[in-house]
Amino acid sequence: MGELIHPFIVYGFCVLGGAAVCLALPRGGRSPQVLGALAGALIAGLALLALAIKFAPVLPNVYFYIFSLIGVGAALRVITHPRPVYAALYFILTVISTGGLFVLLSAEFMAFALIIVYAGAILITYLFVIMLATQAPQEDQTEVLASYDTRAREPVAASVIGFLLLAVLTTLFFRGVDRLPAPGASDDQALLAEMPRKVETSLRVAGLLREGETVREIDTALGVVRVASGESLREIPRAEWPEGLSVSNVEALGFNLLREHPGAIEIAGVILLMAMLGAVVLSRKQVEMDEEAKRRQAQKLGQTTGGISDVTGPIGGES
Amino acid sequence: MLLMAAILIPLVSAVLIALAPEARAKTIALLGTLTQLVVACYAATVFDWSFSSRAQLGMSLAWFEGLGVNLSLGADGVSMVLILLTGLLGPVCVLASSTAITTRVRTYYAWLVVLQAAMAGVFAARDVILFYICFEFTLIPMFILISLWGSTNRRRAAIKFFLFTFTGSVVALAGLVYVTWFNATLDRASVPAVILSQHELLGTWTFDVSTLITAGQLMSAGEQAWVLLALMAGFAVKVPLFPVHTWLPLAHTEAPTAGSVILAGVLLKLGTYAIYRFALPMVPEAVATYAPHLSMLCVVGIIYGGLICWVQTDVKKLVAYSSVAHLGFCMLGMFALNNTGITGSILYMVNHGLSTGALFLLIGMIYERYHTRDMNQLGGLAAKMPVWATFMVFFTMASVGLPGLNGFVSEFLCLLGAFQASSSWGSGAWGSDIEPVAAATPGALGPWFAMIAGTGMIIAAMYLLYMVGKVVWGPLKTPHGHSAGHAEHSGHGASHGSGGHGTEDEHAHGLPTDLSGREIATLVPLAVLCVVLGVYPKPLMQAVQGSVDQTVAVVRTPLRSQGATPAPARHAPQPTNPAKTHGEGAQ
Amino acid sequence: MLNLIQDTIVHAEPQTLGAASQGAGHAHGQTDWSVAAIVALPLLACVLTGLCAALRVKSKLPAWLTVASLAGAFALTAKTFAAHFMGAESHAFVVHVFDWVTFSWAADVHAQGPQTNELVANFAFYLDSLSALWMLFVTGLATLIALYASEYMSHDQGPGYCRFFAAFSLFVFSMACLVMADNLLLLYLGWEGVGLCSYLLIGYFYKKPSAVAAAKKAFIINRIGDLFLAMGVMLIFVQFGTVEYSVLFEKAKPYIELARAGNFAQIPFVVKLIPCLLMGGAFGKSAQLPLYVWLPDAMEGPTPVSALIHAATMVTAGVFLIARTYPLFLLSEVALPAVAWVGALTALLSATIGMAQFDIKRIMAYSTVSQLGYMFCGLAVLSPSGGVFHVVTHAFFKALLFLCCGAVMHGFAGQLDLRKLSGVMKMPGWRVVGFGMLIGCLNLAGFPLTAGYFSKDMILAEAFVTPGTAVIGWILLLTAGLTAYYTFRVFFRVFVGPVAYEMGDEHHGADHGHDHEHGHGQGHGHAKDHGGGDGGHHQPHAPGWAINTVLATLAVLSLAATGLYFVGGDHGAVARLVDQSSAGFHSPLAHHESGAGQAPDHGAAAGAGRASGHAVVSYVPEFVRARAHQGEVHAGTFFGADPHKAMYFVSAGVGAVGIFVAFWLHLAGRKTAAASRADALLPALGPLPGWAQGKWYVDEFYDFLVRKPLWVLSHILYLIDSYLVDGLVDFVGAAPKAAGKVIRPSQSGELHGYALGMAGGAVILIVIVALVAT
Amino acid sequence: MSLMAVLAQAGSPAPMAASTLAHYLLVSALLLVIGLIGFVTRRNLIIMFLCTELMFQAAGLAAVAFGRYHLNLTGQTLVIFILTVAAAEAAMALALVVLLFRRKESLNAEEWQDLKG
């Protein structure tokens, strides 16, 4: 396909995107974040429009655009939002949109796994930690914004480097993607032969199996299932196969995972074990607060609990 | 065996000193150095001076078989003379430091004696690695002597001395190793039979000096130039040639008296001896081509060092810079590459050791009494110290090169050598068609070098007489605390008894105003030698003549020009092939 | 003028020294020990006096030791002289003592042509008429002056006394080595030896900084001269392969042949350069124009030193060198004229300075420099006999003059200013000194029939006879007048006229010994309270018997010296001695009056005599006779008359005029010591007297031109050394540390910094991959 | 077609056009860049970790896209591993964050600058 898109257009979008993100980054005080966000959205739209015009005939289906826009927008919000909680929530939105993209790429299991594990487990842990690690708001303040959250750090430099990286990556994609080797013919249906019981149940559910017949042999090459009862042999051609008689993504994934990457699984197990151990060890270690820090801590608590303290005495204690 | 004894005796006495109680240290050191002197003298009598070019008294013990490194000793005429000089300066230094050193006496004497052993080792080594080990080993005792017993700024001086010399000699080692490698990879077939017969170790992996010298001569001109550069980088630092001399004044001013005497007397001669033993014979063609450049350095050193001496206020620094100038003469003679020049430079090594060593002793004696080396604070000491003044004038005259004393003979020969060494004699303005020029020798120096270096003689007179005029003659002037004869001095580490109100002749630190018997005893042998070598230098000249003739012959007509084959073919080096024959000493 | 000289230079066929060495061979036996003894005795005296110093002898023993040994040496010299050199012909011989700097090396097989492979410089003595003559007056004068010094220095007994006499005898030893050396290297040893002794003796009063500075100045300026001499010796060795006279003149024969034939063009440049270098050495030692500044300052030393070393012996070393190597000087057409001009200019310059000084010793010093100029001119105008004769006469009367000044200084407690002394001769006890001074002044001024008159006359005559050197003659004539003036200016101001004096501040001229400086010497005290009044209550003490006897003998000797001119052949014994030696060059034109024809045969006779081969190289004037016939060569004339005859009257006249002017200005009508008629004349001459008194500011000129820039240069070099060269070394040491300090901040601990770094790195990597991959 | 069928493009999906792969890669690059910018600009430790998670997402997306293009499932298995690593990292990091917060009462990364080497 040659130069998919003329590089300068890509660079142009990168620069504009960089500027937008730079503007969008929190700068303390009234900063043109909103403006940045709008500009960013506008530019993203234009970029996708340009892509669409360019590849009119072969477009990924419309859902791709929806999910990617949501994902990128949420990602932007993650880094631009001053409040960590909202950032985490936006991240969950990004994860969901990525899950959607996974589904588009016919990786349903991964989509669900991603959402369940990632969004469900990891992000919730983040929220916990955010809850633990934020100053308690004073009476008068509804929400204390840590100074370090409101101001971004060297936004310009980061955006420049970031979008420089983007420009470089995009040039590589658009230049190199057509040189990828053609996808090899993959007959994932061959896996059916490995799952006689599944075939049997799906055929029985579809009513194609008569009483007493069992699946003798599945020959995916010819696309034929041989069924036998007693000594009579019958073949069910592919055309008659029921709807469900195909290797679903999860099954294929299961085979791939365990057949090609057994070592990796072991290592993954070890990693998780280590992480668990680490977390236990880390969290158990008491943080010895030296006297002065304790006094300060108690004093602060004393103030925050206001009148209660003089009655019940400082709640303080090892926190 | 004698040479091995000359090295071992000091080491043994060093061990004894370490074990002996503090009080006995000095006597053991004295005995050790005296025995070394006696052994050296006995070796001199056994030595056959008519064949002074051959390495005699040889012995060899296998050391690292694989590498072909043998503990092989041997001494030719020049080495024997320098070993005698080392032997002589040993006891002189021990005697000179008896009152100067009062703290950690045992360590001091132990290291002093070890230094003696190392120096003897350098002169007697016939194996490159042994030479290099001893050459390096002299640095450690000197470093310790300067850094522990020096005066105010001794740490810096010691460190600079050590690092400067060490870096230089490492480069020199690189040069020597290259030659060894070249020798190992030499294809024996390509070497003419006559040379092969003399050195059967040629082509094998060996560190024997004579073999390497022959191999060095077979190297191509380019290789020789690079090896010369490496060797000179190392040895020029040791001889302080002009640009790399800055460590010497610092080391001298900070070293204790005995340290300065040994440093000036023998350590500087390691450099000149190394150049004579390794640079000249090993890379003759390169030396011949680069002789004018190197002598340019020497001439600059002479004038540069001389003029700087003239403006010094510190006596010791003045004498130190004078060593730079004097050794400039010595090396000028060496690079004249003719008999008069090289004989003059070897004589210079001995004479400089005697006269400058004595000067440092004398300065040490003032330092012990007045604890200052500043010429502005001292003056007219002739009135208070007539004997010291006589010796001072005597050795200054020897150092200035007054005929009749030793300095003149060597200085004149070096200048004459430089004067002769010019191939332009006999041609053009310098030629005479009536009668051929009688005593010209091929070379690239010539009258201009000698003339400019000659002005060095005048500058020498200027700065030495300036010093004598200020310190010895003139109205009496002593540092403030001393004129009253009462010595209160916070002198470094000098924890003498409380300074009683010393009468005119007995100062608090137990030294009479003028020289004590012991001090005179250190000076008299040097004075006698100065006169003897000045009035009757013939035996010394004849002694080194054999060795000098051989070197001049090698430099004048190196092997390659005698029809030796072009650069010998190479074959893969076999580092592990054991040295075939047990490296024997005398070849 | 110069080329004319060359044409007339006559060279006899070189005398093979073989004769001399064989001569030496057979003479080896009996005179061997005596010649060696001449040199050994002073050395022995030096060692003994050194021992006296070590043993802290307080008596006059060192003096007697020295006088005895020098007297012995003189006796031996006289004996050797009588044995070998009294007769008409004299033969030179070599006495070998031991090998000094002699070694040989393997011959260089590749050298083209005959290469010498040995350097021979033995401790051997070469005795010919010239060196015998020189040794005669050296040892003679030394003995007398040692006797004089024994009393003069008597106030300084103890270590100083021993040190003085040790250096004194070491000086005589070195002078002996110099004069009787068999080779140039031994001459160089003597050369520097006398330099050392003059350093020690000038610096005798080491308490006085001025004395120490003067000593240092003398040694260094001598060293400059010595460098030229060393270069000359080296050039000789390289060119001729030897440093021994006998072999040298042997090797120089072909060049002498060439010079005899008159074509100097063929003589190579190298051989012509040798005399120029040797000349440099001679000027350094004999205080000629460029390097004369040290001699006046040398007056800081005690007077006997000035008398012996800086008047009679050491300063004549330069003349001796040129006389000894005269054949080499004749080879170059540049050398002798240069010597002539330098000599003449020095004579004139120092005479003018001498006129304006007030310190009588300084005047005598400048007069010495001037008379040395005369001697060099004598040699240069081809009359070595005249020059050498002047050396001998000058030695006697100048020593006499110095010793008289010394006696005055000794008597008047260091007073030397001629404005503070007057009528000394009339004082009781000073008669001998007065008459001694008179005789000395007459000699110096060239009063007719005095020795100085005849020797000066020979030089002047030859100057006019030898074609081309007339100008030199006129300059010398003018200087003769000036000499007469300033000599008698001293005499009339100090010794005659109204008796008036003012004591000096030093006590007894010799600075008192060093070890008991806190005890006030009697003399010291009296000078202070004495104050400025003249004729103070303290009486000057007249000189003792030793001084008087020495002065008397010297006076007699000075007068007797005239005899040398008359007795012993034409032009006197000295001329004969000189002609028989290597310096023998008998100007053929000397006897113009006896007609061209006659000169040659006389010459021939002398030549014949000489031909018997005793002198090293002697000159047979046959050649001149040939040239004279062809008329090419004609002797210079002095207004038509024969210069020799003319000079008798002209120089006498000039001398008389000088004396009269001095009388008129400095004696007639002088009432007090301080003022004289001359002072009235000064303003008329404008700035000249001031400049002259300031010694034409030559010292300041040297200081400004040489010493100061060198001093500044040294400081600059020291700065360069301690900062640039040393700095470079320290920089190499400090560079790694500095580099480390620069890089450390990059480890700032900021996570973001690191992230940015990683991202940047990733971008660069990808770009590289992109560029490289596609 | 049911949404799932549309989304999953039925059982054995047809090969994907290279340009659509480019699209997916573009989106993953965008996510990566945004994550990077977030990490660099934000001071809050937790947000920085969140940004790293974002970058994990981007990597996972790219892997799956390539898997889909090449019609093999290695991409997806890789995502599983990414998940495990992310989980482990999250656990450890957050425990650390809590500790750091307790010590310095603030989540600002710059507080800990003195931990430099």
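**Close-up views of a predicted model**

**View 1. Packing of helices H17 and H19 in chain C.** C:Gly434, C:Met437, C:Leu438, C:Cys441, C:Leu444 and C:Ala445 of H17(C) are in contact with C:Thr483, C:Ala484, C:Thr487, C:Phe488, C:Phe491 and C:Phe495 of H19(C), a contact being two C-beta atoms, placed from the backbone, within 7 Å. This is a predicted model, in which local features need pLDDT of at least 70 and side-chain atom pairs count only at pLDDT 80 or more, while totals for chains, interfaces and linings use all residues. Residues are numbered from 1 along each chain as its sequence is written, and chains are lettered from A and ligands numbered from 1 in the order in which they are written. Helices (H or I, at least four residues) and strands (E, at least two) are DSSP runs, numbered from the N terminus. The contact of H17(C) with H19(C) consists of 9 nonpolar, 3 polar and no charged residues (nonpolar: Ala, Val, Leu, Ile, Met, Phe, Trp, Tyr, Cys and Pro; charged: Asp, Glu, Lys and Arg; polar: the others, Gly among them).

**View 2. Axes of the helix pair H17(C) and H19(C).** The axes of H17 (residues 431-445) and H19 (residues 470-495) of chain C come within 8 Å and cross at roughly 165 degrees. Axes are lines fitted to C-alpha atoms, for helices over the stretch in contact, with angles from 0 to 180 degrees between N-to-C directions. H17(C) and H19(C) are therefore roughly antiparallel (angles over 145 degrees). Their crossing is left-handed, that is, the near helix is turned anticlockwise from the far one by less than a right angle.

**View 3. Side of chain B that touches chain C.** The contact takes 59 residues from chain B and 56 residues from chain C. Elements giving two or more residues to the chain B side include helix H13 (284-310), helix H15 (339-370) and helix H19 (447-471) of chain B. H19(B) supplies the largest share of this side, 10 residues. The chain B side divides into 39 nonpolar, 16 polar and 4 charged residues.

**View 4. Loop residue B:His371.** B:His371 lies in the loop between H15 and H16 of chain B. Its phi is near 55 degrees, a positive value in a residue other than glycine. B:His371 is partly exposed, with 19 other C-beta atoms within 10 Å (buried: 20 or more; exposed: 12 or fewer; partly exposed: in between; C-beta atoms placed from the backbone).

**View 5. Loop residue C:Tyr697.** C:Tyr697 is in the loop between helix H27 (688-693) and helix H28 (698-743) of chain C. C:Tyr697 is not a glycine, yet has a positive phi of about 55 degrees. With 11 C-beta neighbours inside 10 Å, C:Tyr697 counts as exposed.

Conventions
Parallel < 35°, antiparallel > 145°, perpendicular 65-115°, else oblique.
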